[in-house]
Amino acid sequence: MQSQSLPPISNLFTAPSTMILTSSTTSHTMLVTSHDNRPSLMVLVPSSFDDDSKIETIPFISLNLLQYLGVGYRWITMFLALGCYASLLIPGFIQVGYHYFSSCQVLRDIAYGDQPRNRLDLYLPKNKNGPKPVVAFVTGGAWIIGNKAWGSLLGQQLSERDIIVACIDCRNFPQGTIGDMVKDVSQGISSVCNNIAEYGGDPRRIYLMGQSAGAHIAACALLEQAIKEASENERDSWSVSQIKAYFGVSGG
């Protein structure tokens, strides 16, 4: 076995290091020593550097590298805690999903426009006595991953309290721009205002609600409709006066 010292070099992770190269008949071993004298090992195969065959590098990932990448014991502990928390939520997700797809109180995919995403879900109370207050809800999703099914837990909880919930879906980016999303939601609100009486809702008690990106889109739809109504030449199928209140939850 022969060894030789190479001049100090700089690598991607540490300050200039000293590299010791040792050779044998089967492999070459490179010992890299950092400025704080903590060694890391790298094995190079095959044995001859002059061989034209492919050189395979097997890195030895040390604790120093993990620390350089910001992966410490606290980070690992928090990651494991997050995984445990997510696993505890799975039974709740299954329960809500089962109710969404199996309950006869949930009317899914009611069309309100011509676009594929122009659909809404209705959550109806079991009690049919008298007209019910209505919540028109627009879910969040950072304008790119929103879906009406995300309002299923809210719809389930409020419908159990004699409130009808209409979860309005709309196009996401890149299917449409913010203007397209606002247009979709405005059409959905119009459908709720004009047709909710057929499902036992009270047209005089309609509340508009949005969460996160949905709060932003719903507010824009409300303001755009108010601007239209302020113009003498603009008419539409619903009015701001039909909305009893607006709730923006963690809006963008």
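Visitor: Is Tyr100 to be read as buried or exposed in this structure?

Guide: Buried means under 20% relative accessible area, exposed over 50%, and partly exposed in between (1.4 Å probe, protein chains only). Tyr100 has a relative accessible area of 8%, so the residue is buried. Please note that this is a predicted model, in which local features need pLDDT of at least 70 and side-chain atom pairs count only at pLDDT 80 or more, while totals for chains, interfaces and linings use all residues. Residues are numbered from 1 along each chain as its sequence is written, and side-chain values use heavy atoms, without hydrogens and water.

Visitor: How many aromatic pairs are there?

Guide: Rings of Phe, Tyr and Trp (its six-membered ring) pair if their centres lie within 6.5 Å; planes under 30 degrees apart count as stacked, over 60 as edge-to-face and the rest as tilted. The count by this rule is 2 aromatic pairs. Tyr100 and Phe101 make an edge-to-face pair, with 4.9 Å from centre to centre and 85 degrees between the planes. Phe101 is exposed because its relative accessible area is 59%. The pair of Tyr207 and Phe247 is tilted, because the ring centres are 6.3 Å apart and the planes stand at 40 degrees. This pair links distant parts of the chain, with Tyr207 in strand E10 (residues 201–211) and Phe247 in strand E11 (residues 243–249), 40 residues apart. Helices (H or I, at least four residues) and strands (E, at least two) are DSSP runs, numbered from the N terminus.

Visitor: Which residue has its charged end over the ring of Tyr100?

Guide: A charge sits over a ring if NZ of Lys or CZ of Arg is within 6 Å of the ring centre and within 35 degrees of the ring normal. Here the charged end of Arg108 sits over the Tyr100 ring, 5.6 Å from its centre.

Visitor: How many salt bridges does the structure hold?

Guide: Side chains of opposite charge can pair when their charged atoms come close. A salt bridge is a side-chain nitrogen of Lys or Arg within 4 Å of a carboxyl oxygen of Asp or Glu. The structure holds 7 of them. In one of these, Lys148 pairs with Asp121, and the closest N and O atoms are 3.1 Å apart. Lys148 lies in the loop between strand E8 (132–138) and helix H3 (152–159) and Asp121 in strand E7 (residues 119–123), so the pair ties together parts 27 residues apart in sequence.

Visitor: Where do Lys132 and Asp162 lie?

Guide: These two residues form a salt bridge, Lys132 with Asp162, whose closest N and O atoms are 3.8 Å apart. Lys132 lies in strand E8 and Asp162 in the loop between H3 and strand E9 (164–168), so parts 30 residues apart in sequence are tied together. Lys132 counts as buried at 7% relative accessibility, whereas Asp162, at 29%, counts as partly exposed.

Visitor: Which side chain meets that of Asp184 in a salt bridge?

Guide: The partner is Arg171, at 2.8 Å from N to O. Asp184 lies in helix H4 (residues 178–195) and Arg171 in the loop between E9 and H4, so the pair ties together parts 13 residues apart in sequence. Asp184 and Arg171 are both buried.
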